[in-house]
Amino acid sequence: MGYKGTLHREHPIRSMGKSSLTRNQRGTRMKHIISIRDLDRPFIDNIINQAARIASHRVTSDPLNDKILALLFFEPSTRTRMSFEAAMARLGGTSVSVGSIEASSMAKGETLADTIRVVSGYADAIVLRHPKEGAARLASEFASVPVINAGDGAGQHPSQTLLDLYTIKQSLPLDGIDVGLIGDLRYGRTAHSLAYALSLYRSRIHVISPAGLELPQALTGELRERGTEVIEHEDIGEVIRDLDVLYVTRIQRERFPDSASYFDVASSYKITPELLTGVRPHLIVLHPLPRVDEIDPAVDELPYARYFEQSKNGVPVRMAMLREVLQ
Amino acid sequence: MTDHKRPSEGLLISPIRSGTVIDHITAGEALNVLRIIGITGTTAESVSVATNVSSGKMGRKDIVKIENRELIKEEMDRISLIAPDVSINIIRDFKVFSKNGVERPKFLIGVVKCPNPGCISNANEPIESRFEVLPNGLHCMYCDWLITTDITGHMI
């Protein structure tokens, strides 16, 4: 009888799997940045160090002045898109982009695979944001140029994680620190990727989230298997004085049945100057932004607030990523 | 005919002259094993099924006997996805002709459908689903979804 599909003992396709390296038809090795899960510690450390060098000395020459970057954003984004464009411009390169999914041939029914093949002919690298999870992995299999994932649905967004790590590294070591993740840890992809990356650095992870929005069990299990201590807390007050980093994520109103229950939860997870009294002097508070009510604006003036710095760090980190894949 | 257990020793289903005996199936998975190899009520094979019989090795297990059909290696390896401990005996003229363990594949291409509606493998793209076989389930190599239950129900 006929069976659907095939079973394999080894990667049946050269570009598949956890590797972020593929070869194009000419046999040239390409480096993609698709998922934080593909990246090992030396790679991450290298990006962080390169970003630090870029930020301190600025780039004097234009190392990418003959390169073109294609920005394919099939989902709304302002800061990720702008910071990739800014990063490419600072390296002397040029960006070309498709306006929106409505303005592209995707609207005519073209597959992502075909779009990627076509755009590979126009540019030296592709930055992709797409609503479907796994879209960037697919793109890396069809592209003949490197692909950087700028967010695939609820999936991965590695450049955000790299800039989060870089911001922590600006003032703290990444090894053995206590990092608190607070907010919507169930749907918050930035928190997932950061937790996964931190497991490469033997940091302790403290999680504080409303009922129903906890870190997914599968991820908690995986982190623990990787030797990371994950500690759950009922209340931010019980742990905040033991933290080196507090990573705040947005609690989305649409996750709650009515506004009253949202405001109830949101107010008990709000970071205020009072909450921050008596914390470790070097504590840093991060947020991937945009924030709504999670952090009281009065916190902005405190030395702990690093979220605007974090957002600004998007440029040197993305410059380091672009140099890594394009040079 | 010498290796038969007498009824008093717990023989539940009779021996077959030729065909396949699938033993040490994870308890409760016998019907899913049949689904995997395409045996439904409307196919021609004579099939005996014993579920939740006691087993020294496994506590409880299921057994399936299929007359006049010898499973091929591909079918055996598919069974390993839901019953990794099975032993599969090919029977010819009441004798065990060959004993086979199963090898769990490492990767599945186009075998199961990703349950995540947001996964790119469910969109209209020229790719087949891709899963990595892990000890705790099947891992989608596009969206990282992990299938831990009802693997048979997700088979394409």
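This is a predicted model: local features need pLDDT of at least 70, side-chain atom pairs count only at pLDDT 80 or more; totals for chains, interfaces and linings use all residues.
View 1. Strand E4 of chain B, residues 87-92, runs antiparallel to E5(B) and is joined to it by five bridges.

**View 2. The pairing of E1(B) with E4(B).** Strand E1 of chain B, residues 19-26, is antiparallel to E4(B), and five bridges connect the two. Asn89(B) of E4(B) is the bridge partner of Val21(B).

**View 3. The open sheet of chain B.** Five strands of chain B form an open sheet in the order E2-E3-E1-E4-E5, with antiparallel pairing. Strand E2 (47-55) and strand E5 (95-100) each have a single partner strand and stand at the edges, so one side of each lacks a neighbour in the sheet. On average, neighbouring strands of the sheet are turned by 20° against each other, with direction ignored. In general, strands of a sheet pair through backbone hydrogen bonds, in either a parallel or an antiparallel manner.

**View 4. Strand pairing between the chains.** Strand E1 of chain A, residues 6-8, is linked by three bridges to E6(B), and the two strands run antiparallel. Within E6(B), Ile109(B) is the bridge partner of Thr6(A).

**View 5. The contact between chain B and chain A.** In this contact, 29 residues of chain B meet 26 residues of chain A. On the chain B side, helix H2 (73-79) and strand E6 (107-109) are the elements that give two or more residues. By class, this side of chain B comprises 15 nonpolar, six polar and eight charged residues.

**View 6. The two domains of chain A.** Domain 1 of chain A covers 21-156 + 313-326, while domain 2 covers 159-312. Their C-alpha centres are 27 Å apart. Between them, 20 residues of domain 1 are in contact with 18 residues of domain 2. At least two residues of the domain 1 side come from each of helix H1 (41-57), helix H2 (79-90), strand E7 (147-152) and helix H10 (314-326) of chain A. The side of domain 1 that touches domain 2 holds 11 nonpolar, five polar and four charged residues.

Methods: Residues are numbered from 1 along each chain as its sequence is written. Chains are lettered from A and ligands numbered from 1 in the order in which they are written. Domain bounds come from an automatic or database domain assignment. Two residues are in contact if their C-beta atoms, placed from the backbone, lie within 7 Å. Helices (H or I, at least four residues) and strands (E, at least two) are DSSP runs, numbered from the N terminus. Ala, Val, Leu, Ile, Met, Phe, Trp, Tyr, Cys and Pro count as nonpolar, Asp, Glu, Lys and Arg as charged, and the others, Gly among them, as polar. Two strands pair if DSSP finds at least two bridges between them. Axes are lines fitted to C-alpha atoms, for helices over the stretch in contact, and angles run from 0 to 180 degrees between N-to-C directions.
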